Amino acid sequence: MNRSACLIFNPVAGQGNPEQELLEIRSLLEPTIDLDIHFTTEEIDADQLAEAAVQRGVDEIIASGGDGTLSAAATAVINTNIPFGIISRGTANAFATALGIPDTIEAACQTILQGVTRDIDVAYCNDRPLILLAGIGFEAETVEKANREAKNRFGIIAYILAGIQQLRELQSFDVEIETDEKIIKTTAAAVTVANAAPPTSVLAQGPAGIIYNDGLLDVTIVAPVNKAGAIAATYHLFQSASAGNAAERDDIGYLRAKHFKITTDPVQKVVVDGELVGTTPIEVKCVPAGLKVFVPTVEEAELAEKLEGLPNLVIELKHPPEGEAETVELKE
Ligand SMILES: Nc1ncnc2c1ncn2[C@@H]1O[C@H](COP(=O)(O)OP(=O)(O)OP(=O)(O)O)[C@@H](O)[C@H]1O
């Protein structure tokens with residue numbers, strides 16, 4: 001029997017050609033999955049479309065767009081047990097990267113076609129669903145500065161430029177972080193509560209890896225004393241995260257718990273999954289295994305080999321599988 005799914009498609013996401021991208025998705029998925037396609041509009045967001053799909057009792061929900069569309073759609077699917085597929089077409093694609101889902105259309109569709117799901121944690125931040133992270137301070141300002149026009153023109157560089165601009169205006173605040181076990185008071189320039197985070201979310205990278213199915217959230221506190229310290233701390237987080245290590249500077253702290261209450265003085269802006277949502281105080285609670293997501297059957301391994309694209313490339317297999325040619329010629 002054919003599978004069926006509601007496909008929620010943002011027709012203005014990303015820098016590609018959405019019409020072409022939709023054709024590609026349909027040609028990959030429709031031989032196996034009956035698609036009921038719904039487009040987001042300026043007025044009707046992905047969460048409303050996903051909510052309606054849940055009400056109709058669809059078998060699967062697939063969302064395609066930038067992180068805004070994917071997060072919004074996911075929020076309506078929490079605790080429904082409906083498998084959720086992701087086809088990223090945005091600028092940063094943090095959602096897919098954080099969950100180890102490929103961000104090319106073809107590989108994302110293959111992941112959905114394979115039909116393997118994994119239960120991942122989600123969270124609520126002041127009763128608003130959170131899939132990736134809540135940023136206080138720094139991260140919040142960065143998103144606000146990377147506006148739509150800049151994103152369209154410069155893509156991911158817009159975020160980096162906004163980050164650098166933000167560094168120049170570094171402002172610290174007093175923060176109180178309460179878990180079920182303790183209360184921590186300190187001064188910080190950025191506090192991030194992460195359920196899952198891509199490596200590009202540098203300010204979430206205090207611990208050595210953020211595990212999205214452990215029933216816990218990770219808080220990273222970055223507390224540089226001056227601008228030079230801010231640059232050094234950010235760079236350290238980037239490096240230690242890339243190497244899979246925990247941060248080791250005095251001005252970086254981290255802790256893990258399933259429930260956090262965070263207040264600041266003065267009040268700070270708060271970003272949840274890339275959207276500016278309000279200000280402190282916040283309360284964040286983990287919802288273990290709240291979302292069932294299509295994931296690749298094998299973890300995306302770091303590529304240990306890349307040869308495609310080399311001029312006049314010929315690859316000779318010394319032990320070819322039976323029935324296959326011994327020599328493969330790849331020409332552009
Ligand atoms: N048909 C539409 N016309 C205009 N705006 C739309 C339409 N559909 C959705 N939107 C808006 O698109 C935004 C979500 O964009 P999304 O995050 O999916 O893509 P993006 O901004 O290109 O990605 P990224 O955040 O990675 O840059 C929402 O603000 C939503 O209101």
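1. Core. The largest nonpolar core has 85 residues, and Ile8, Ile61, Ala73, Leu99, Ala134 and Val222 touch the most other members. Such a core is a set of buried Ala, Val, Leu, Ile, Met, Phe, Trp, Tyr and Cys residues joined through C-beta atoms within 7 Å. Buried means that 20 or more other C-beta atoms, placed from the backbone, lie within 10 Å of the residue's own. Domain 1 (3-115) and domain 2 (128-288) each supply at least three residues to this core.

2. Basis. This is a predicted model: local features need pLDDT of at least 70, side-chain atom pairs count only at pLDDT 80 or more, and totals for chains, interfaces and linings use all residues. Numbering runs from 1 along each chain as its sequence is written.

3. Ile8. Beyond neighbours within four places in sequence, Ile8 contacts His38, Thr40, Ala46, Leu49, Ala50, Ile61, Ala63, Ser64 and Ala73. Contact means C-beta atoms, placed from the backbone, within 7 Å.

4. Domains. The protein chain splits into domain 1 (3-115) and domain 2 (128-288); the bounds come from an automatic or database domain assignment. Their contact takes 14 residues from domain 1 and 18 residues from domain 2. On the domain 1 side, α3 gives the most, with five residues. Helices here are DSSP runs (H or I, at least four residues), numbered from the N terminus.

5. Ligand. The ligand is surrounded by 18 residues, with Gly66, Gly68, Thr69, Gly90 and Thr91 the closest. The cut-off is a C-beta atom, placed from the backbone, within 6 Å of the molecule. Here too α3 gives the most, with three residues.

Key
Contact = placed C-beta atoms within 7 Å. Helix = DSSP H or I, 4+ residues; strand = E, 2+ residues; numbered from the N terminus. Buried ≥ 20, exposed ≤ 12 C-beta atoms within 10 Å, placed from the backbone.
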